[in-house]
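Welcome, and thanks for taking a look at this one. Please keep the view open beside the text, as the report walks through it piece by piece.

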Amino acid sequence: MPSPALTTDAVTAAPGAGKQALLSVDGVTLQYQTKQQIVTATYRVSFDVYPQDRFILLGPSGCGKSTLLKGVGGFLTPVEGQIQLNNTKVTAPGADRMIVFQEFDQLLPWQTVLGNVMFPMRTTSRFPRNEWKDRAMRAVEKVGLAKFANSYPHTLSGGMKQRVAIARALAMEPKILLMDEPFAALDALTRRRMQDELLELWNDIRFTLIFVTHSIQEAIIIGSRIVVMTPHPGQIRAELDATAYTQEHAGSEDFMAFNRKINGMLFGSENIAHG
Amino acid sequence: MADVIHAPRGRALFKELPARPSIDRTTLDSAAIGEIARDVGFWRRCWSYTPLRRFLVLVFLGCAWEIYARLAGNPLMFPSLSDTLVAWATDIANGTLTSAVWTSLRILVLGYGVAVLLAAVLTTLAISTRIGTDLLATLTAMFNPLPAIAILPLALLWFGLGVQSLIFVIVHSVLWAVSLNTFTGFLSVSQTQRMVGRNYGLGGLRLVTHILIPAAFPSILAGLKIGWAFAWRTLIAAELVFGVSGDSAGLGWYIFQNRNALETAHVFAGLFTVIIIGLVIEGVVFRSIEAATVRRWGMQA
Ligand SMILES: Nc1ncnc2c1ncn2[C@@H]1O[C@H](COP(=O)(O)OP(=O)(O)OP(=O)(O)O)[C@@H](O)[C@H]1O
Ligand SMILES: [Mg+2]
C-alpha cells in the first residue's frame, strides 16, 4: 500500500540538531504470547524522541500504540531491537516515566481523588511530605475537580476519572509523560480545554510528552512531531514535523492540507480525492 | 473528516428514512423547577435501614419458635424460647456460661489469628514466586477437603489434651479457606492497577501491601468470613469430642454436659449463645469493616 515516494516525502524535518535523543526506540518488535499463538503487535519500529518533544503516536485501532507505550513504560520486553532512555536500556517500569493509561480502572478505588493524586508521591518520596497535599490539590484544581477532591472514584463519571489520572501524572512533574488516549472519553468542550491546559503546562514545565491518539486533529494540535503507524502489525509509515500547527490554525488551509495528507496515509490514497 | 469521506459512499448504499421535522423546545431555569431532591420520608428510611429489617426477621423467628414450642408442649425435646432465655440468664448470672464463652473465644481468636498470619505469608509467597504458587496450590488441594475433625485424633496424639490441639485444628480449618480466597483475589486484580503500582516504583512486598491487598479486599474479606465460620464449627465440634481443656471448659463442653444431664433448655442456651456471637460478629464486626472499606470504595454493592 504505502508507496515509497510518499514515505520519503513524509519525513520532512531532521531531528533536533546537536541535541541528544532522550528516548531512542531502535528496531523494536513487540509480541504478545498467548496460549494459542504469538501476536506481533509492532514490527521493527524505530524513532527518537528528543527532550521537550511533544511526540504523537497516531494510528488506527489495534495497530499497537498502547503496546508501544507499554514497551517504553518498561512493562513489555522487545523480542527484537531495544529501547533506550538516556542511553540506558529500559528493563523495568519506573516513576521517571509517568503513564496515563487508556483504561478506566487505573484509579485506585480505595483512595479518594486527592489520595489517588498523592499516591505516587507517597510511594516514590519524590517530594517532601509536607508538600504532598498542596501539590496534589493544585493538580486537582488544574483539571477542574477541586469540588470532588474528597470523592471516591466510583462516584465520578468516566471523563472525570480520566482527568484525575491526568492530574495524578502531572502532579509528579515527570521528565517524561506517557499518555494513552487520555482525552478520548471527554466531551468536545472539555477535550478542547484539556488540550489547551496540557499545552500550557508543557509550556511551563517543558516536559517530554509521548501522546497516543487516533484523532488526526488532536495529533496536529498537540504534537510537535507525529508518527503515523500502519494497521496491525504496527509499523511506522511516516514521522512528520508538526511544529507549524496549533489550535489557532485549526480550519486554516495549511492545517486542512496537513490533515488530508495524514488522512491519506492512514486510509490509503483512494480517499484523498473526497477530502 | 471521516464523515465527509464516507458520506457519499454511505448514501449510495442504503435508502434513507423519511425525514421528520426537527423540534426546538424551551427549557426551564433550574430554579424554576424547584423540588429536585426530596426526602424519602421517615418510614421508607426506616425500612431501608438493614439492621432494623434483620431485627424484624429475628423477632419473627423468635415468635415462631415460642408458639411452636408451646403447642408441642415437650420441654425435654424442644424447650420454648422463654425457657431457653431463663436458662441462659441463670447460667450467665452464675458465671458458667460466661466462663465457657470466654474460654472458647480466647482459643478461637488465637487460632484464627495464627491462621490468618500463616495465610498472609503463604499467599504473599505464592503471588511473588512461581514455586510459591505451586506450593499453595498443592497444599490447598491436599488439605482443604480434609475435615478438621478427621485430624483431631492426630492432633491429640501430637499435642495432648489441651489448647494446642484445639488451636491446631482451628488453624487447619481456617488456613486453607482464607489462603485460597486471598490468592484468587490477588489473581483477579486488574492488570491496569498492577501496572499503575509498578509504574510508581512498587514491587515485591510493597506491591502486595499497597495495591494487591486493597484491590483484592472483597475476596479477602469473604475468605475471612468463611474462615471465621469454619473456626467456630471446628472449635465447637472439637470441644464436644474431648471437652475440658486444662482448667476451664468451653462452649462445646457446656453443651455436651447439659445434654448428658438432659437439661435441654441449657443445651439450647449454649447453641443460642453460639448463634448470638455469630450474629454479633457478622452484623457488627464484619459489617462495619465492609462499610468502612469495600462499600465505601464502591467495590461491593
Ligand atoms: N494482552 C494481550 N494479549 C494478546 N494480544 C494483545 C494483548 N494486548 C493487545 N494485543 C494485540 O496487540 C495488538 C495491538 O494492541 P494495542 O492495544 O497496542 O492497540 P492500540 O493501537 O492501542 O489500539 P487502540 O487505539 O484501540 O487502543 C492488537 O492487535 C491486539 O490484538
Ligand atoms: Mg490503545
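Let us begin at a turn: S4(A) and S5(A) form a hairpin with two residues between them, and Asn86(A) in that turn has a positive phi of about 50°. Helices and strands here are DSSP runs numbered from the N terminus, with H or I of at least four residues for helices and E of at least two for strands. Two strands pair if DSSP finds at least two bridges between them. S4(A) and S5(A) run antiparallel and are joined by two bridges, with Leu85(A) opposite Thr88(A) of S5(A).

A word on the ground rules. This is a predicted model, in which local features need pLDDT of at least 70 and side-chain atom pairs count only at pLDDT 80 or more, while totals for chains, interfaces and linings use all residues. Residues are numbered from 1 along each chain as its sequence is written, and chains are lettered from A and ligands numbered from 1 in the order in which they are written.

**The sheet around the hairpin**

Strand S1 (residues 23-33) of chain A is joined by five bridges to strand S4 (residues 80-85) of chain A, and the two run antiparallel.

**A second sheet**

Chain A also has an open sheet of six strands, in the order S6-S7-S8-S3-S9-S10, with mixed pairing. Strand S6 (97-100) and strand S10 (236-241) of chain A stand at its edges with a single partner strand each, so one side of each is left without a neighbour in the sheet. On average, neighbouring strands of this sheet are turned by 15° against each other, direction ignored. S6(A) runs parallel to strand S7 (residues 176-180) of chain A, and four bridges join them.

| Residue | Partner | Strand of the partner |
|---|---|---|
| Asp26(A) | Gln82(A) | S4(A) |
| Thr29(A) | Glu80(A) | S4(A) |

**Around the ligand**

Which residues come nearest to ligand 1? Of the 15 residues around it, they are Tyr32(A), Ser61(A), Lys65(A), Ser66(A) and Thr67(A); a residue counts as near if its C-beta atom, placed from the backbone, lies within 6 Å of the molecule or strand in question. S2 and H2 of chain A each supply at least two residues of this shell, and H2(A) gives the most, with three. By class, the shell has four nonpolar residues, ten polar and one charged. Ala, Val, Leu, Ile, Met, Phe, Trp, Tyr, Cys and Pro count as nonpolar, Asp, Glu, Lys and Arg as charged, and the others, Gly among them, as polar.

**Chain A as a whole**

Chain A holds eight helices and ten strands. Its C-alpha trace spans about 55 × 45 × 45 Å along the principal axes. A compact globule of 275 residues would have a radius of gyration near 19 Å, and chain A agrees, with 19 Å; the radius is taken over C-alpha atoms, and the globule rule is 2.2 Å times the number of residues to the power 0.38. Of the 275 residues of chain A, 41% count as buried. Buried means that 20 or more other C-beta atoms lie within 10 Å of the residue's own, exposed that 12 or fewer do, and partly exposed lies in between, with C-beta atoms placed from the backbone.

**Helix H13 of chain B**

Over in chain B, seven of the ten residues of helix H13 (residues 251-260) are buried, so this helix is largely enclosed by the rest of the structure. Among them are Trp253(B), Tyr254(B) and Phe256(B). The buried residues of H13(B) pack against helix H6 (96-128), helix H12 (217-242) and helix H14 (264-292) of chain B; a contact means C-beta atoms, placed from the backbone, within 7 Å. After H13(B) comes Leu262(B), with a positive phi near 55°.

How values were computed: Contact = placed C-beta atoms within 7 Å. Axes fitted to C-alpha atoms, helices over the stretch in contact; angles between N-to-C directions.
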